[in-house]
Amino acid sequence: LELGALAAAFGAVGLHSKKERLQEEETAAVLLYRRYFHADLLEVAPERVSTVAGHLPAGLDAHAVASIRAIERYQEERKKWYMGFSSSSELMGDARTRVLEEFKQWLLTVAEGTGTVAAVSARLEYCWQFLLRPAIFETKNTRSFLQTMAEVCRQLEGLMRQLVANQRNGVRQLGRILSLGREAALATLPVLVLAVADERLRLDRAPAAPMRPEDYLAAATPAASSQPPAAAPGGGCWDTDAGRVLQALLRTPHFLKLAASDEELARENPAAAGASAEAAGFSKVLELARSAWSAEQVGESSGLLAAFRGSTQAQVRSAYLDLVTDLDRLVFFVAALRPYHQLASIAGDLAMCWLGKCLSHLIQEIEKLMVQLRQSRLEVMHASNTHLQDVAKRGLHSASSMEVRWMQGLRHINEVQLDDLHKAIAAQCTEILAATTLAREAELRSEARRGLEDVVAAFQSADFQARCGLALSDGLMEDMQQLGQSVAAGGDLVRMLPG
């Protein structure tokens, strides 16, 4: 009886410990899945083990097939231990089962040539996170959960290399980031106009009127500003410090080019001297505003709401000007991508690789600026939302008519859209950096060299020359021989081409 009681006690302790371990694994798995895929693992993942390796769909990627087979080998060997004895029964609904079953569901969608670098990169990072938590996902079996995840990681790395090597979309990638950069810039303008500035900065001061960033771009042009005040769009909205800063920002050459197509820019070809003058003008206006706003108190001429003019709001004023600076730099670097986009449309992905160092630096600048831009925006919006709460606590009856209109205008700031654009630009930067790696360049050069070898071989063949009905132009045969020698010697692809 004593031995039986002792065994029961040990069994109870073991079951309790196992229950805690399973709960810890479930908590970690759920948090990781939510972090990477913004969904609940317990809702999307099956709780029972499935077997699909024997009837996989046709056309599935080889890396996906290998991953599924590795997972199912582990699932077949996995046993449920109880008091030292193994059982053939499966654990149902535990974290490891759900993680692997959800992974198999995704792998079944990866057909040959259909994956994207962003999707596979997210899956690879998600998989790595389990390998970084050996203390939570303990291993005892010969074929363990973490060993299986390591094998899946290895297959995903192979799939990633394959996707990067097969990419033929440099123009699309650069065009996408140009479009996203423009959207992010225009979506940030309402923050500058509505968050902490007073209503004098609004072109249309009706609270219900939508805030259209494109209208500000049009109103800030030199042609619009030269009109008489009564006829000029926006009237006197540029007559405050905030207004002058915003106008100078919108009149910079890179902001004026924001909505123009490549063809329009090629036709306009603005003078470099004028561009430099506008850029210098913006820097001077920004410097004057920083100097004026660093004082303990600023007046109505600042263009800010009264709540943000005091000595306690100096940091908010600085964050506002930082937001302007970051936005200017972002638009400048996005505009600097235009020549790369034009070149990629002519010369393809290989041109992106040849300019990889320059392009990578430019993309990294944009990545860094997106983080800084978001930080400055959050600081400005935090101050704005804090003041909004203070006004609401006092009651609308005690708020001035200007404060009420300011509160109504805040609805035109879309922070959710700004966060989504931030994530989309970050993902696009990752794709572009992956497409300009040395491995990608080597693969493209190899393909180009093989193509040139085929061209030379076909031209120099006796069959080709026997069938030609026109006499070869002077020097053509010598040019092709020179090209063939350059290809054989492994010369630079640009110098290989005659002329």
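**Aromatic rings**

Modeller: Start with Phe 130, which is buried at a relative accessible area of 0%. Keep in mind that this is a predicted model.

Biologist: And Phe 137, buried or exposed?

Modeller: Phe 137 is buried, with 0% relative accessibility.

Biologist: How many aromatic pairs does the structure hold?

Modeller: The structure holds 15 aromatic pairs. One of them joins Phe 130 and Phe 137, with 5.3 Å centre to centre and 65 degrees between the planes, an edge-to-face arrangement.

Biologist: Why is the pair of Phe 130 and Phe 145 called edge-to-face?

Modeller: The planes of Phe 130 and Phe 145 are at 85 degrees, with the ring centres 6.0 Å apart, so that pair is edge-to-face. Planes over 60 degrees apart count as edge-to-face.

Biologist: Which helices do Phe 130 and Phe 145 lie in?

Modeller: Phe 130 is in helix α5, residues 117–131, and Phe 145 is in helix α6, residues 145–166. The pair therefore ties together parts that are 15 residues apart in sequence. Both Phe 130 and Phe 145 are buried.

Biologist: Which residues do ring pairs link into a cluster?

Modeller: The cluster linked by ring pairs consists of Tyr 33, Tyr 36, Phe 37, Tyr 74, Phe 103, Trp 106, Tyr 126, Phe 130, Phe 137 and Phe 145.

Biologist: Switching to charges. Where does the charged end of Arg 123 sit?

Modeller: Over the ring of Phe 37, with 4.3 Å to the ring centre. The charged end of Arg 123 also sits over the ring of Phe 103, 5.2 Å from the centre of that ring. Phe 37 and Phe 103 both belong to the cluster.

Note on methods: Residues are numbered from 1 along each chain as its sequence is written. This is a predicted model: local features need pLDDT of at least 70, side-chain atom pairs count only at pLDDT 80 or more; totals for chains, interfaces and linings use all residues. Side-chain values use heavy atoms; hydrogens and water are left out. Rings of Phe, Tyr and Trp (its six-membered ring) pair if their centres lie within 6.5 Å; planes under 30 degrees apart count as stacked, over 60 as edge-to-face and the rest as tilted. Buried means under 20% relative accessible area, exposed over 50%, partly exposed in between (1.4 Å probe, protein chains only). Helices (H or I, at least four residues) and strands (E, at least two) are DSSP runs, numbered from the N terminus. A charge sits over a ring if NZ of Lys or CZ of Arg is within 6 Å of the ring centre and within 35 degrees of the ring normal.
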